[in-house]
Amino acid sequence: MEVYDFGLRLKELREAKKLSQKDVATRLNVVPSTISGYESNTITPSLEQFTRMAILYNASLDYMMGLDNRSCFYLDGLRKEQQQAILDVVNRLKDLFLQDQQ
């Protein structure tokens with residue numbers, strides 16, 4: 001069984017959002033060393049902090065915890081037709097990528 005590196009996943013999510021540890025610390029109301037501890041696996045976030053990071057990083061808790069390796073994105077705040085337009089583009093791109101692999 002592969003060992004999961006939770007801290008690495010958090011760091012990747014933070015960097016994908018172009019946030020510093022200080023930025024995240026400010027938004028979570030903690031000191032930057034706490035974020036460093038999360039990312040180095042020396043501090044385990046509380047459930048409340050997990051939830052706040054999931055919202056900040058726009059990621060599922062399952063993805064953050066390594067239970068699911070599929071990243072996801074949320075379309076909250078968009079009208080149904082806007083959400084559908086984005087999903088249509090994603091599906092077209094998936095089809096193109098699958099054709100390229102054949």
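Buried here means under 20% relative accessible area. The model shown in these close-ups is predicted.

View 1. Gln 49, Phe 50, Met 53, Ala 54, Leu 56 and Tyr 57 are the buried residues of α4. They line one face of the helix, because they fall within an arc of 165° when seen down its axis. An α-helix has 3.6 residues a turn, so residues three or four places apart point the same way. Leu 47, Glu 48 and Ile 55 are exposed, on the face turned away from the buried side of α4. The cover over the buried residues of α4 includes α1, α2, α3 and α5.

**View 2. The largest nonpolar core.** This core has 17 residues, and Leu 10, Val 24, Met 53, Tyr 57 and Met 64 make the most contacts inside it. At least two core residues come from each of α1 (6-16), α2 (21-28), α3 (32-39), α4 (47-57) and α5 (61-65). The greatest contribution is that of α4, with 5 residues.

**View 3. The aromatic pair of Phe 6 and Phe 50.** The count of aromatic pairs is 1. The ring centres of Phe 6 and Phe 50 are 5.2 Å apart and the planes stand at 75°, so the pair is edge-to-face. Phe 6 belongs to helix α1 and Phe 50 to helix α4, and the pair links distant parts of the chain, 44 residues apart. Phe 6 is buried, at a relative accessible area of 12%, and Phe 50 is buried at 11%.

**View 4. Arg 9 and the ring of Tyr 63.** Arg 9 lies over the face of Tyr 63, 4.0 Å from the ring centre.

Methods:
Residues are numbered from 1 along each chain as its sequence is written. This is a predicted model: local features need pLDDT of at least 70, side-chain atom pairs count only at pLDDT 80 or more; totals for chains, interfaces and linings use all residues. Side-chain values use heavy atoms; hydrogens and water are left out. A nonpolar core is a set of buried Ala, Val, Leu, Ile, Met, Phe, Trp, Tyr and Cys residues joined through side-chain atoms within 4.5 Å. Buried means under 20% relative accessible area, exposed over 50%, partly exposed in between (1.4 Å probe, protein chains only). Helices (H or I, at least four residues) and strands (E, at least two) are DSSP runs, numbered from the N terminus. The arc is that of the directions from the helix axis to the C-beta atoms. Contact means heavy atoms within 4.5 Å. Rings of Phe, Tyr and Trp (its six-membered ring) pair if their centres lie within 6.5 Å; planes under 30 degrees apart count as stacked, over 60 as edge-to-face and the rest as tilted. A charge sits over a ring if NZ of Lys or CZ of Arg is within 6 Å of the ring centre and within 35 degrees of the ring normal.
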